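Keep the 3D view open as you read.

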Amino acid sequence: MPAPALSIRAPLLWLLLPFMAGLAAAWIWPAPSAGLWPLSLSAVLTALLALAGAIRNQPRLWAPAILLSAGLSGCFLLHLRHPQLHDWESRPPREITVVLEVSHPFPSAPQARSFTGLGTIVDADAYDRALIGRRIYFSAIRRISVLPVRSGRYELRGVIEPLPRVTAGNGFTDYLVNLGIRHRVTRAHLVREIAPPGRFAAFCTAAEKRLETILRRGLDAHPGVQSVYLAMLLGEKAVLNADQQNAFMRSGTFHIFSISGLHVGVIAAALHALAQSVRAPRRPAVFVTVAVLWLYVQVTGGGAPALRAFLMIAFLLSTRIFRLPGNSLAALTASALFTLLLDPLQLFSTGFQMSYSVVATLILMGAPLAERWQSRWQPFALRPRPEWRWQHHVISRLGRKALGAAAGCWAAFLASAASGIGFFGLFSPGSLPANLVIIPLSSLAIIAGFLALLAGLTGLLPVSALFNAAAGVIIIATDWLLLHGIALPGMFFTARFRTEWLAPLAMVLMTAVMLAGASGRWARRYGGYWPPVILLALLMIFGVKFG
């Protein structure tokens, strides 16, 4: 077994942390008036200096040089990929006609009067050529529009207006701005389809409809259960009614509807168990698992949370293929760096910040805290282990599982409390007991849904309906617990930070405390596991307004 100090080694943090700092600097300050060549030249020179210091084994030289080079590279990359980041148009709203490639159609209820989505302008008339290549948000009238699909190109006609530079705490506008979107098109309609989506995009759309048909089988008499089930397996949050959305949001469990780490992790575990049951060779099993996960992510919309979770699991599984030393923190770091290289603006999205901070906390604090609590779980210490009966083993094992889950939920609560206040205006102490119950139940529902899909795709539709029914029973129990649980006093409070910059600062400070605690192996002389609790308490007392 590896030593605890080695189990959390992640050398790529030397690149990731300064790279993120460079991205943040580029987000705050515009590019130099002289152009980007000073940044690129400085990054290359400091990288060569770091290489020279590493060859000569001089940490005092290579350490600051590599930090500076990574920071300059992050600043250069964001300005290079998004040169219009600091351009805010001042022209008034006006009518436009452009060709739009739809990248992300948001799901909407069938009875809705309009539909929305994100896209990229690929062609425009002579007066709006500067808009080509810009990402926009659009809201189109359903009854006079062609329904869009992902990767399709459409002629869009509507009223374009710039987004406000100061969002005044508007969560959705913040979301758009953090994606680099500076314009929205409203009162629009998609006139006609210019180019259909490619073969793979069309395959994903057809496959999603096929999966939805399988999951609906046997649940037509229970539309509420069916809506939660589809949202849980396919991420279609638009099918949830208002009461369901409020219950899951206030209880801090709405994350189970975003195709992310929980879904991808549960399906990866199910595929691993399936491969073990048929005694498949390790490397082919890993390749098949990664391929199936990637296909599932693409069919369910290819959302950023799902891609992040897929990358982390793929990096972790790759260590088994190539027989490399690896651990969860190293895989998380590699996936974060790779994600930011693909899309630097991910750093400023709510999902990226919350998902990586929570998963990092689970690794840095949740796992060692679980080990400590489990080591103290000795329910039959005075009875020799050879004399244990089956009930002793069951009690011991269930206790260890419960303590591990409690440690993980406690760590996740500490990591997500500040972000929940900053992004959603909610402080949810009830998320701690709610997640202890909801995550195991939702994991069982996801496993049942995965088995239902396997059975349905192989033509065993009665078996698929049986698994759907099992998932339906679990969802009914989950729904009942949440709807009654949020009515209990103290489950949630409306709250906000006194200043907006406290939300990202709180996340940075909490992550730094977690890294410091893990590097010190949570020694008692450094406060043990109490520094994150103290930090959260100080934030609640001095930085948050309730009500």
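## Cysteines

In this predicted model, Cys 204 is buried, at a relative accessible area of 1%. Cys 409 is buried too, with a value of 10%. As for disulfides, the structure holds zero.

## Salt bridges

Seven salt bridges are found in the structure. One of them pairs Arg 153 with Glu 101, whose closest N and O atoms are 3.3 Å apart. Arg 153 belongs to strand 4 (residues 153-162) and Glu 101 to strand 1 (residues 94-105), so this pair ties together parts that are 52 residues apart in sequence. Both ends are partly exposed: Arg 153 has a relative accessible area of 35%, and Glu 101 has 26%.

Another bridge links Arg 129 and Asp 123, at 2.9 Å between the closest N and O atoms. Arg 129 is partly exposed at 45%, as is Asp 123 at 34%. Within helix 6 (residues 199-216), Glu 212 and Arg 216 sit four residues apart, about one turn of the helix, and their side chains meet in a salt bridge of 2.8 Å, N to O.

## Surface patches

On the surface, Trp 37, Leu 41, Val 44, Leu 45, Leu 48, Leu 51 and Ile 55 make up a nonpolar patch with about 760 Å² of accessible area together. Val 44, in helix 3 (residues 37-55), is partly exposed at 48% relative accessible area.

Arg 385, Arg 397, Arg 400 and Lys 401 form a positive surface patch. Arg 400 lies in helix 14 (residues 390-424) and is partly exposed, at 38% relative accessibility.

Key. Residues are numbered from 1 along each chain as its sequence is written. This is a predicted model: local features need pLDDT of at least 70, side-chain atom pairs count only at pLDDT 80 or more; totals for chains, interfaces and linings use all residues. Side-chain values use heavy atoms; hydrogens and water are left out. Patches are made of residues with over 30% relative accessible area and no salt bridge: like charges are joined within 9 Å, nonpolar side chains (Val, Leu, Ile, Met, Phe, Trp, Tyr) within 5 Å. Accessible areas come from the Shrake-Rupley method with a 1.4 Å probe; for residues, only the protein chains shown count as cover. A salt bridge is a side-chain nitrogen of Lys or Arg within 4 Å of a carboxyl oxygen of Asp or Glu. Helices (H or I, at least four residues) and strands (E, at least two) are DSSP runs, numbered from the N terminus. Buried means under 20% relative accessible area, exposed over 50%, partly exposed in between (1.4 Å probe, protein chains only). Lys and Arg count as positive and Asp and Glu as negative; His and the chain ends are not counted. The place of a charge is taken as NZ of Lys, CZ of Arg, CG of Asp or CD of Glu. A disulfide is a pair of cysteine sulfur atoms within 2.5 Å.
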